[in-house]
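Biologist: Please pick one part of this chain and take me through it slowly, residue by residue where that helps. I'd like to know what sits against what.

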Amino acid sequence: MTIAEVSKKYGLSADTLRYYERIGLIPAVHRTTGGIRDYTEDDLKWVSFAKCMRSAGLPVEALIEYVTLCQQGDSTSEARKQILLEQRRQLISRMEELQQTLDRLNAKIERYETVLIPIEKQLGGGPS
């Protein structure tokens with residue numbers, strides 16, 4: 001698959017894909033004899049993984065470390081697992097913070113709907 005096709009499929013710019021490869025966020029992509037990137041199924045799995053993890057807010061540095069360890073082989077499996085466990089812990093913490101924020105917003109919206117808007121209507125200052 002060409003970089004243009006991968007870019008379209010995953011909604012990432014070609015520049016982003018090149019950047020991910022350059023910094024080690026995805027392993028080096030297979031190339032044709034002419035030097036053109038030719039993404040294999042394995043390459044696409046890495047792109048999908050990187051996009052998913054970045055969309056969830058995982059730091060580039062942790063992902064680069066994970067990819068580097070993957071390339072070193074099975075002897076790094078425990079270290080890779082620890083990276084994933086730590087990132088999961090951080091993601092759960094962020095999700096809890098977001099849930100608290102959502103709960104607070106919902107409470108404020110409820111207050112507007114049940115208290116403030118009816119009062120405004122009684123006073124004639126709100127929309128009918």
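Modeller: Helices here are DSSP runs of H or I with at least four residues, strands are runs of E with at least two, and both are numbered from the N terminus. Before going on, a caution: this is a predicted model, where local features need pLDDT of at least 70 and side-chain atom pairs count only at pLDDT 80 or more, while totals for chains, interfaces and linings use all residues. Residues are numbered from 1 along each chain as its sequence is written, and side-chain values use heavy atoms, with hydrogens and water left out.

Now back up into α1 itself. Its buried residues are Ile3, Val6, Ser7 and Tyr10, where buried means under 20% relative accessible area, exposed means over 50%, and partly exposed is anything in between (1.4 Å probe, protein chains only). Looking down the axis of α1, those residues fall within an arc of 105°, so they line one face of the helix. The arc is taken from the directions that run from the helix axis to the C-beta atoms. Ala4, Lys8 and Lys9 are exposed, on the face of α1 turned away from its buried side.

What sits over the buried side? The cover for the buried residues of α1 includes α2 and α3. Take α2 to begin with. The axes of α1 and α2 are 9 Å apart, and the two helices pack at an angle of about 100°. Axes are lines fitted to C-alpha atoms, for helices over the stretch in contact, and angles run from 0 to 180 degrees between N-to-C directions. Under 35 degrees counts as roughly parallel, over 145 as roughly antiparallel, 65 to 115 as roughly perpendicular, and the rest as oblique. α1 and α2 are therefore roughly perpendicular to each other. On the α1 side, Ile3, Val6 and Ser7 meet Ala14, Leu17 and Arg18 of α2, with contact meaning heavy atoms within 4.5 Å. Sorted by class, the residues of this contact are 4 nonpolar, 1 polar and 1 charged. In that scheme Ala, Val, Leu, Ile, Met, Phe, Trp, Tyr, Cys and Pro count as nonpolar, Asp, Glu, Lys and Arg as charged, and the others, Gly among them, as polar.

α2 (residues 14–23) has its own buried set, made up of Leu17, Tyr20 and Glu21. They take up an arc of only 95° around the axis, which puts them on the same side of α2. Asp15 and Arg22 are exposed on the other side of that helix. Among the things covering the buried residues of α2 are α1 and α3. After α2 comes Gly24, with a positive phi near 90°.

On to the partner α3. The axes of α1 (residues 3–10) and α3 (residues 41–55) come within 11 Å and cross at roughly 40°. α1 and α3 are therefore oblique to each other. The crossing of α1 past α3 is right-handed; a crossing is right-handed if the near helix is turned clockwise from the far one by less than a right angle, and left-handed if anticlockwise. In this contact, Val6, Lys9 and Tyr10 of α1 meet Leu44, Val47, Ser48 and Lys51 of α3. By class that gives 4 nonpolar, 1 polar and 2 charged residues.

α3 also packs on α4 (residues 60–72), at an angle of about 150° and with the axes 10 Å apart. α3 and α4 are therefore roughly antiparallel to each other. Here too, α3 passes α4 in a right-handed crossing. From α3, Trp46, Phe49, Met53 and Arg54 meet Val60, Leu63, Tyr66, Val67 and Cys70 of α4. The tally for that contact is 8 nonpolar, no polar and 1 charged.

One last stop is Leu58, in the loop between α3 and α4. Leu58 is buried, because its relative accessible area is 5%. Beyond residues up to four places away in sequence, Leu58 touches Met53, Leu63, Gln87 and Arg94. Of those, Gln87 belongs to helix α5 (residues 77–123).
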